[in-house]
Amino acid sequence: MTDTSLALPIEAADIMRIIPHRYPFLLVDRVVELEPGRRVVAIKNVTANEPQFTGHFPDRPIMPGVLMVEAMAQAGAVAVLTLPEYAGKLALFAGIDECRFRRTVLPGDTLRMEVTVEKLRGMFGRAKGVASVDGDVACEATLSFIIPRDQSIAAGRVAGRVAEDRADG
């Protein structure tokens, strides 16, 4: 899906055509605003039946902070991977900086992720993400990512090369 005039909102079936994530790890339910390569606003409806809530925490379910960060990253990936030059590619985390958690996110909440791409050059990028509930910031972070030229990285081949390079060096 590379058309920059995508009809909004973009629902889960079309989101899965843009990014590779699937249930239970698809953390973006809907995209409500999109400027490909620049900005995205996406929604995650947090529900009590999600698998993480059986252990985090059984008597007081709270959305794990790492999943809030992942949801922002997935939203940002939609913004980048809707550009024709990146369509069909895999984006990977390169870093998470200045991450702060400001409030808990509970089942029944609607998590709104706003991600602004600050830098996108070649295979590297950086974005600022803010996740909120009812206007209150829940999480914010600067997310760095890479879109590898060699897309076989997803198969783990790069990790092997890193180990070989360390052994040689």
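The legends below describe close-up views of one predicted model. In this model, local features need pLDDT of at least 70 and side-chain atom pairs count only at pLDDT 80 or more, while totals for chains, interfaces and linings use all residues. Residues are numbered from 1 along each chain as its sequence is written, and side-chain values use heavy atoms, with hydrogens and water left out.

**View 1. The largest nonpolar core has 42 residues.** A nonpolar core is a set of buried Ala, Val, Leu, Ile, Met, Phe, Trp, Tyr and Cys residues joined through side-chain atoms within 4.5 Å, where buried means under 20% relative accessible area, exposed over 50%, and partly exposed in between (1.4 Å probe, protein chains only). The members that touch the most others are V31, M72, L111 and M113. Elements supplying at least two residues each include α2 (65–81) and β5 (110–121); helices (H or I, at least four residues) and strands (E, at least two) are DSSP runs, numbered from the N terminus. The largest share of this core, 11 residues, is given by α2. Leaving aside neighbours within four places in sequence, M113 is in contact (heavy atoms within 4.5 Å) with residues including L27, V40, I43, M72 and V130.

**View 2. Helix α2 is mostly covered.** Of its 17 residues, 15 are buried. The end C-alpha atoms of α2 are 24 Å apart, which agrees with the 24 Å that its 17 residues should span at 1.5 Å a residue, since the expected span of a helix is 1.5 Å times one less than its number of residues.

**View 3. The largest pocket holds about 340 Å³ of space.** On a 1 Å grid over the protein atoms alone, a pocket is an open set of points where a 1.4 Å probe fits, with protein on both sides within 12 Å along at least five of seven lines, and lining residues have an atom within 4 Å of a point. The lining has 19 residues, and A73, A77, A91, L92 and F93 lie nearest the centre of the pocket. Helix α2 gives the largest share of this lining, eight residues. The lining divides into 14 nonpolar residues, four polar and one charged.

**View 4. S132 lies in strand β6.** This residue counts as buried because its relative accessibility is 11%. Leaving aside neighbours within four places in sequence, S132 is in contact with T110, L111, R112, V137 and A138.

Methods:
Grid points are joined across faces, edges and corners, and a volume is the space filled by probe spheres set on the points. Ala, Val, Leu, Ile, Met, Phe, Trp, Tyr, Cys and Pro count as nonpolar, Asp, Glu, Lys and Arg as charged, and the others, Gly among them, as polar.
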